[in-house]
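Here is a short report on one protein model. It moves from whole-chain values to single residues.

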Amino acid sequence: MIYIRTRDEIELIRKSALMVSATLTEVAKLLKPGITTKSIDTMAETFIRDNGGVPSFKGYHGFPATLCISVNNVVVHGFPSDYVLKDGDVVSVDCGFYKNGYHGDSAYTFAIGNVAPEVLQLLKVTKESVYRGVAQACENNRVGDISYAVEQFTHGEHGYGVVRELVGHGVGRSLHEDPQVPNFGRRGDGKKLKEGMVLAIEPMINLGTRDVETLSDGWSVVTRDGKVSAHFEHTTAVRKRRGEPLSSFAPIEEAERANPELNSSQYGEQIPMIKELVIQ
Ligand code: MG
Ligand code: MG
C-alpha cells in the first residue's frame, strides 16, 4: 500500500524530518577524535526527547540505539559502542524522529580530520546523488527513474559500487512503508509516482565493489572488500515537477564547516551547484 499524504500530513512529516536535521546538526557540532560513538548516541537521544520526540530506530526490530553510526567500511546499521573516533574516520550517521504520528528519516556522512581525497570525492558524489534522485521524484515518473539517476551518476559516471541489499522506502506513519526505492534500476520501471507520496531516498555507495555482508552482531552491514562506504538520505515529498526534500542538509553543513575537527573541503562551492539541481 502506497500512501498519498495530505498537505497537513506532509507538514507533520516535514517537522519530524527537520528535527532529524537538527539532531544531525548537534552531532556535527560534537564529532571529533577521542569520543565514543556511544556518547554521540546518548546526546542524540536526549536532544530528541527534549524536543518532544521519540527516536524512531530505538527498539525497531530490536535495534538498540537512537542512531545508526557506521564508521569507515560499515555501510549502514552500525550501532553506537565504546569505539573511539579517530582522525581519518568516515562516519555515517542515520537518524529517525517520530512525533505527532509521523516519522522523519535522514542520514549524513562526515569526514573526521585527514581523509584521503578519493574518499572525500566519494562523499561528494554520494551526496549529490541524493539530489539527482530527488530531482526525479515527480508526478508520473516511476520509482525506477529515481533508481536509475542514482546508479547512473554514482556507478556509471564514477565507477563506485552501489549497494543492492538495502534500499530507500516510503516513510510516514511507519518508518518503512511501500514502495521500496532501490539505488539501482532502469528508467520507467516500478511503481508510478504521484504527488503526495513521501519517500526516503538514500544511496549507500561504496568506494570499491558493491558486495556487502552482515557482521555476527546481526546488524552492522560492511563492505566485503573492507573499503569505505558513504550514505546520505533525504525524506522527500513527490511533487508535480520535482521532488522536495523535507529534511535539510543546510544546518548540518553549516555546523560541519564551523567544526575544525571535521573535513568539509569536499563541498566548498559545490553546495550551491547541488541546490540548483532541485531548484530548476
Ligand atoms: Mg535513515
Ligand atoms: Mg531510511
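The protein chain carries 31 positive and 36 negative side chains. The centres of these two sets lie 6 Å apart. The model is predicted. The accessible surface of the chain comes to about 11500 Å². Carbon and sulfur atoms account for 49% of that surface.

**Fold and packing**

The chain has 6 helices and 15 strands. Its radius of gyration is 17 Å, close to the 19 Å that the globule rule gives for 280 residues, so the chain is as compact as a globular protein of that length. Along the principal axes, the C-alpha atoms fill a box of roughly 50 × 45 × 40 Å. Of the 280 residues, 57% count as buried. Among contacts with a separation of 6 or more, 72% come from residues 24 or more positions apart.

Strands of a sheet pair through backbone hydrogen bonds, either parallel or antiparallel. Here, 3 strands form an open sheet in the order β6-β10-β13, with antiparallel pairing. The edge strands are β6 (161-162) and β13 (229-231), each pairing on one side only. Strand β10 (residues 204-206) is joined to β13 by 3 bridges. I205 stands opposite A230 in β13.

**A helix residue and its partners**

L18 is found in helix α1 (residues 7-30). What does L18 contact beyond its neighbours within four places in sequence? The partners are L246, S247 and S248. L18 and P251 are 233 residues apart in sequence, yet their C-alpha atoms are 9.8 Å apart in space. L18 has a relative accessible area of 37%, so this residue is partly exposed.

**Backbone exceptions**

Most residues other than glycine have a negative phi, and most peptide bonds are trans.

N72 sits in the loop between β2 (67-71) and β3 (74-76). H77 lies in the loop between β3 and β4 (90-99).

The bond runs from D178 to P179, with omega near -5 degrees. P179 lies in strand β8 (residues 177-181).

Methods: Residues numbered from 1 in each chain as written. Chains lettered and ligands numbered in written order. Predicted model: local features only at pLDDT ≥ 70, side-chain atom pairs only at ≥ 80, totals over all residues. Heavy atoms only, no water. Helix = DSSP H or I, 4+ residues; strand = E, 2+ residues; numbered from the N terminus. Rg over C-alpha atoms; globule rule 2.2 N^0.38 Å. Buried < 20%, exposed > 50% of the residue type's maximum accessible area, 1.4 Å probe, protein only. Contact = heavy atoms within 4.5 Å. Areas by Shrake-Rupley, 256 points an atom, 1.4 Å probe, with all protein chains shown as cover. Lys, Arg positive; Asp, Glu negative; His and termini not counted. Charge placed at Lys NZ, Arg CZ, Asp CG, Glu CD. Pairing = 2+ DSSP bridges.
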